[in-house]
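Please keep the sequence and the structure in view while reading.

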Amino acid sequence: MKHLLSAGDLSRDEANLILDTAEEMRSLADRPIKKLPALRGRTVVNLFFEDSTRTRISFEAAAKRLSADVINFSAKGSSVSKGESLKDTALTLQAMGADGVVCRHGSSGAPHLLAKSGWMTGSVVNAGDGTHEHPTQALLDAFTMRRHLGSLDGRRITIVGDVLHSRVARSNVLLLSTLGAEVTVVAPPTLLPVNMTSWPCATSYDLDGALAKTDAVMMLRVQRERMNDAFFPSAREYTRRYGLDKYRMAQLPDEAIVLHPGPMNRGMEISAEVADSTRSVIVEQVTNGVAIRMAVLYLLLSGSNEEEQTA
Amino acid sequence: MSPAQSAEQPEFTQPPQHSGREVLDASDISRALTRIAHEILERNRGADPVVLLGIPTRGVALAQRVSARIQAVEGQSVPTGSLDVTMYRDDIGLKPPRGLEHTDIPADGIDGKVVVLVDDVLFSGRTIRAALDALGDIGRPRAVQLAVLVDRGHRELPIRADYVGKNLPTSLVERVTVHLTEYDGEDAVLIADKGAKG
């Protein structure tokens, strides 16, 4: 594999290879010297057209721990605000010798365009494109669940909230079903995409009915910046029907864990009590994110390009 | 991303297949490891400072076997672990990416200890150079020693082993393969011409 554009592109073996590699990368966090020489001399560009703190910092930490040189590019204060096109930006990066480009863009498919257009030769990692996909988030979620639940084969995972606008949900459904989990998506009818039958998961409008047989529940952020329509009557009604509070959490089986990709709207989709409870693995997801991104960058960038293409 | 390295996975269902000449059999390997265990104890005046680190994949099993022998002789267990050197190799940018092996450093760490690296075959010495770099990122041992089951010569770096199971003069066109019951269903060291599957 040369690029990571979609969680759906990963076979089960490839996904497991990334997760196993991340397991080794994670042990680095306990060492006095948190640095590996694997990507020495390689350049990774963080190309962020959309605001992000944790994903950009996570990729930056991952690349630096692998000894790569990191260049951060954010659209604000760059030539993009002067009207530069994606193509010209890509050609600039190519001329600077970027080996890997981590791309976050507000438009679905932008990383795909970067990878397939021939504008640049480096590897492209999708760090979230529009409402399409966010594969490294799905990988870190699967990694976190695997550390708590063991194999995901046959595990029941419930994803709750704004599925319509969520790239996290789409990537997770694709990856988790590849890994053998049974995924249920719970959302108000207005926040489900129209083509749900093509997704490898079950759907439901009823959160309370799904919780009792769930091994892991993932709460999605209500994306206020994309809410340009009346998707639900009021924030309070959403919270009443689809928010996770301590009473709903009590319905979960004893071993079940609670995930959230962040940033959280405390009091909206998740109550503060749940977010700070012992079942919540939200802070751990951030730690695991660095390990997953190290694994992805290592597997995409460490080898020679020539042999990769023939393989 | 290349497919997972399943080529090294054992297949116990099939009887071990020999191609190539057997230069050490199971009892030769056993005697060599017993001697190495004694030499480690003798040289370090007991097991106290010793930490054994095997280099995956076969060095890990060899380290555990040496550890068991030291335990039997001294009645004292030796911290034993594994050290993956994949990311420290000097050919990392030249080959397709490889999956990582498990690194397991004993809980007490390696600071101030005598680390004995254990590997199956000593050849160019590049793996050991990578291992020395990897150790430097983990701690500062008092000393590092090297134990190998087979030394086949042709060093490309100024590295030598402290404990050698068997010195095996080879030519560069030959291929040395170590089989261990943990992975291959049998104990043997084989030598064959390159190209022939060991």
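**Strands of chain B**

In β8(B), B:Ala192 is the bridge partner of B:Arg175. The model is predicted: local features need pLDDT of at least 70, side-chain atom pairs count only at pLDDT 80 or more, and totals for chains, interfaces and linings use all residues. Residues are numbered from 1 along each chain as its sequence is written, while chains are lettered from A and ligands numbered from 1 in the order in which they are written. Helices (H or I, at least four residues) and strands (E, at least two) are DSSP runs, numbered from the N terminus.

**Strand pairing in chain B**

- Strands β7 (residues 174–179) and β8(B) of chain B run antiparallel and are joined by six bridges; two strands pair if DSSP finds at least two bridges between them.
- Strand β1 (residues 21–24) of chain B is also antiparallel to β8 (residues 188–193) of chain B, with three bridges.
- Within β8(B), B:Ile191 stands opposite B:Arg21.

**Helix α6 of chain A**

- Of the 12 residues of α6(A), 11 are buried (20 or more other C-beta atoms within 10 Å of a residue's own, with C-beta atoms placed from the backbone).
- Among these buried residues are A:Val168, A:Leu174 and A:Thr178.
- A:Gly180, with a positive phi near 95°, follows α6(A).
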